[in-house]
Amino acid sequence: MAEQLSRELCQTVAGEVLRQRDWRLAYVGLGISECLEAGFVSEVFQEAQHKQREASRIQSLRQLVERAVITCYCRRLYQACRAHRTLRQQRAWQELSAYLLAAACWKMPDDPAQAQECAQQALLSLWRRFSDPQWNLERPGALLRYAETALLREVWRMWKEQGKRWEKEKPLEGPEQEEQGDRETDERLASGEALPDAERETLRGEADQRVVAAIRVCLRSERQATVIIETFLNDRSVLEIAEQLGTSPENVLVLRSRAIQRLRPCPELLETLSDVLSD
Amino acid sequence: MTNLADAYRKILDDMGQPYSSQINAGLLRLVQALAGEEEPGSCCQACEESLPIFVDDEVAGLDVARQYPDVKHHLDVCPPCAAAYVQLLQLAWLMDSGQIAVVKSASPLNLSFLPELAGGDVCHD
């Protein structure tokens with residue numbers, strides 16, 4: 001039987017998420033007891049219900065509750081970060097620093113010293129903002145996203161100073177992987193999986209159909225065509241397309257960039273777009 | 001290459017504004033991307049400021065294209081902002097799903113910037 005959203009599930013998942021990360025601000029007495037604050041579980045339950053109502057992308061119930069736990073915890077973390085001269089403030093900054101350090105070490109695996117330096121600078125930049133009593137975070141539930149943004153800025157700044165092109169850092173999907181991906185996509189199309197339905201659902205009118213046909217003529221890669229069609233004509237996000245193609249968001253961007261380069265000199269598309277848009 | 005980009009720019013120029021509501025606005029963005037048209041710097045700044053919330057909602061499964069159309073559409077046509085967005089998205093996804101472990105470090109960060117505890121507090125940690 002499928003799992004239902006319940007307070008019990010929220011309590012279980014909250015315990016797991018908080019223990020895994022050693023986050024203690026939602027425990028009575030900052031983790032001296034093993035007892036989660038009752039108000040926290042209620043908050044997670046409400047947040048999970050809200051996320052369930054609002055979500056448009058399919059995800060497991062557990063994932064949904066995990067994200068609700070993180071959102072609710074971020075609100076506490078933010079309040080605690082600003083709770084001047086208290087134990088909670090000290091604990092909050094310890095947790096934030098551990099989070100930033102872990103993210104930095106993942107981002108810069110070959111250089112722990114630089115990772116530490118970037119995490120430290122990101123932490124200080126957050127402190128400078130948080131210690132201003134006039135300043136408020138637009139959405140405290142997204143605190144970790146702000147922290148990650150601050151960290152990435154430091155990483156990019158450091159790479160820029162070293163003359164490193166950060167856009168090219170990660171290994172990109174090469175032609176061989178792209179061909180393999182195309183074969184997999186073709187198989188999924190042949191077996192009637194999601195792609196054609198998703199397209200049929202949202203493509204509007206003859207103009208769109210003509211442009212889609214021209215895109216397919218110009219691009220030999222089905223994956224590149226899918227990325228362009230889904231991005232521009234169906235207005236889907238990178239993460240949705242990545243899940244649809246079974247690849248990473250980064251590769252979606254690579255596929256898009258290559259597709260644009262191949263589409264630009266293609267006379268069929270230029271002619272079709274010119275025709276369609278001048279009607 | 002410049003001539004081809006110019007040909008796409010000409011399509012945009014010839015269309016003028018306002019655009020017909022019958023046209024899928026995505027086609028215009030596609031032409032913009034093919035023309036390599038840069039948006040004003042203020043668009044990049046606004047996008048950068050919105051990214052934390054955009055990404056937070058995206059990993060939560062929300063329809064970000066509908067909720068934040070300006071940000072989404074800017075990301076469609078601005079390669080530098082799109083690259084920054086994808087890096088944040090990837091990091092957020094891995095961190096939220098617990099694939100990057102947050103563990104106690106042997107050499108933690110320096111927290112000496114924090115003010116001292118108010119009198120009477122006892123550190124339990």
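Predicted model: local features only at pLDDT ≥ 70, side-chain atom pairs only at ≥ 80, totals over all residues.
Residues are numbered from 1 along each chain as its sequence is written, and chains are lettered from A, with ligands numbered from 1, in the order in which they are written. Local features need pLDDT of at least 70 and side-chain atom pairs count only at pLDDT 80 or more, while totals for chains, interfaces and linings use all residues.

**Stop 1: the domains of chain A.** Colour residues 1–81 as domain 1, 87–169 as domain 2 and 175–278 as domain 3; such bounds come from an automatic or database domain assignment. The centres of domains 1 and 2 of chain A, taken over C-alpha atoms, are 24 Å apart. Here 12 residues of domain 1 are in contact with 15 residues of domain 2 (contact: C-beta atoms, placed from the backbone, within 7 Å).

**Stop 2: the core.** Select A:L100, A:A147 and A:L151, the residues with the most contacts inside the largest nonpolar core, which has 110 residues. Such a core is a set of buried Ala, Val, Leu, Ile, Met, Phe, Trp, Tyr and Cys residues joined through C-beta atoms within 7 Å (buried: 20 or more other C-beta atoms within 10 Å of its own). Now centre on A:L151: leaving aside neighbours within four places in sequence, its contacts include A:L100, A:A103 and A:C118.

**Stop 3: where the chains meet.** Show both chains: 64 residues of chain B and 71 residues of chain A form the contact. Then pick α6 (79–96) of chain B (helices are DSSP runs of H or I, at least four residues, numbered from the N terminus). α6(B) gives the most to the side of chain B that touches chain A, with 12 residues.

How values were computed:
Contact = placed C-beta atoms within 7 Å. Helix = DSSP H or I, 4+ residues; strand = E, 2+ residues; numbered from the N terminus. Buried ≥ 20, exposed ≤ 12 C-beta atoms within 10 Å, placed from the backbone.
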